[in-house]
Amino acid sequence: MVKHKASGKIYIIQLKDIFIFATKLNKQIMKKILLTLAILCCFTVLTKAQFEGSKQIFESPKLKETIKTQKTVAILPFEVKISYRKQPKNFNAEANKSQEESMAKSIQASMYTFLLRKASDYTVTFQDVDKTNILLKKAGVLGKLDETTKDELAKILGVDAVIGGRFETEQTKSEAGAIASAVLFGGFGGKSGTGTMFLTINNGADGELMWRFFKTMDDSIMSSTDDMVERMMRKISRNFPYKS
């Protein structure tokens with residue numbers, strides 16, 4: 001029961017009326033929150049689809065004829081560049097370089113695993129990446145791939161062609177911020193940066209570029225290197241030259 005001071009009138013407000021009012025209010029707020037989240041999720045998915053759709057493929061006129069004679073292909077360690085839109089306070093150049101080198105071999109290994117898993121789908125075999133790296137190290141060129149021609153590398157490795165590539169990523173969020181967004185939006189907000197992937201195939205006999213693939217993609221803390229390579233290879237599977 002509530003007494004109005006100005007008029008002196010007495011109003012009777014039952015607890016159930018307050019509860020019903022509060023419930024209706026909560027429903028309205030929840031509807032607005034859910035609608036906002038739905039719009040954000042749809043926008044993110046559409047943006048990601050548009051972003052992930054950016055790709056370019058080059059194919060040499062000699063490609064189909066050349067690959068008929070190829071039997072073994074090596075996958076080189078990728079060239080990786082990690083940069084930051086806003087450099088972290090505790091940035092360490094040596095640690096960053098170490099991370100780039102680690103990721104270079106991680107992408108190489110992930111790609112080999114993907115291709116090995118689908119070996120029956122391809123017309124060539126792929127050299128074990130451990131063997132590739134050992135041969136490159138013995139020849140003294142493991143850390144100097146950009147100073148060695150593709151035909152020289154193919155000769156060192158004893159293969160008919162080499163797959164190489166470059167991955168560049170610019171981190172746009174701190175890891176903590178990305179994790180917070182991922183928790184809030186159920187994974188949709190977990191993008192911590194953007195990346196570009198270049199994949200090339202060079203003929204071993206003359207080093208000529210036979211095929212080149214370029215793709216822009218999200219670099220998410222929610223995805224491992226395996227996941228990133230899996231996404232990329234799925235995108236190019238229809239155009240991959242060695243597919244039987």
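Predicted model: local features only at pLDDT ≥ 70, side-chain atom pairs only at ≥ 80, totals over all residues.
Let me begin with helix H3, residues 93-117, and helix H7, residues 225-236. Their axes come within 9 Å and cross at roughly 55°. That angle makes H3 oblique to H7. The crossing of H3 past H7 is right-handed. Which residues of H3 meet H7? On the H3 side they are Met-103, Ser-106, Ile-107, Ser-110, Met-111, Phe-114, Leu-115 and Arg-117. Their partners in H7 are Thr-225, Asp-226, Met-228, Val-229, Glu-230, Met-232, Met-233 and Arg-234. Sorted by class, the residues of this contact of H3 with H7 comprise nine nonpolar, three polar and four charged.

H3 also packs with helix H4, residues 129-138. Here the axes come within 10 Å and cross at roughly 140°. Once again the term is oblique, because angles count as roughly antiparallel when they are over 145 degrees, and H3 is accordingly oblique to H4. From H3, the contact uses Lys-105, Gln-108, Ala-109 and Tyr-112, while H4 contributes Val-129, Thr-132 and Asn-133. The classes in the contact of H3 with H4 are three nonpolar, three polar and one charged.

From H4 we move on to H5. The axes of H4 and H5 lie 9 Å apart, at an angle of about 110°. The two helices are therefore roughly perpendicular to each other. Thr-132, Leu-135 and Leu-136 of H4 make this contact with Leu-153, Ile-156 and Leu-157 of H5.

I turn now to the largest pocket, which has a volume of about 720 Å³. Of the 24 residues that line this pocket, Pro-77, Phe-78, Glu-79, Val-80 and Leu-145 are the closest to its centre. Which element supplies the largest share of the lining? That element is H3, with five residues. At least two lining residues come from each of strand E5 (79-84), H3, helix H5 (150-157), strand E7 (161-171) and strand E8 (191-203). By class, the lining of the largest pocket holds nine nonpolar, five polar and ten charged residues.

Terms used: Residues numbered from 1 in each chain as written. Heavy atoms only, no water. Axes fitted to C-alpha atoms, helices over the stretch in contact; angles between N-to-C directions. Helix = DSSP H or I, 4+ residues; strand = E, 2+ residues; numbered from the N terminus. Parallel < 35°, antiparallel > 145°, perpendicular 65-115°, else oblique. Left-handed = near helix turned anticlockwise from the far one by under 90°. Contact = heavy atoms within 4.5 Å. Nonpolar A, V, L, I, M, F, W, Y, C, P; charged D, E, K, R; others polar. 1 Å grid on protein atoms, 1.4 Å probe; cavity = no way out; pocket = protein on both sides within 12 Å on 5 of 7 lines; lining within 4 Å. Points joined across faces, edges and corners; volume = space filled by probe spheres on them.
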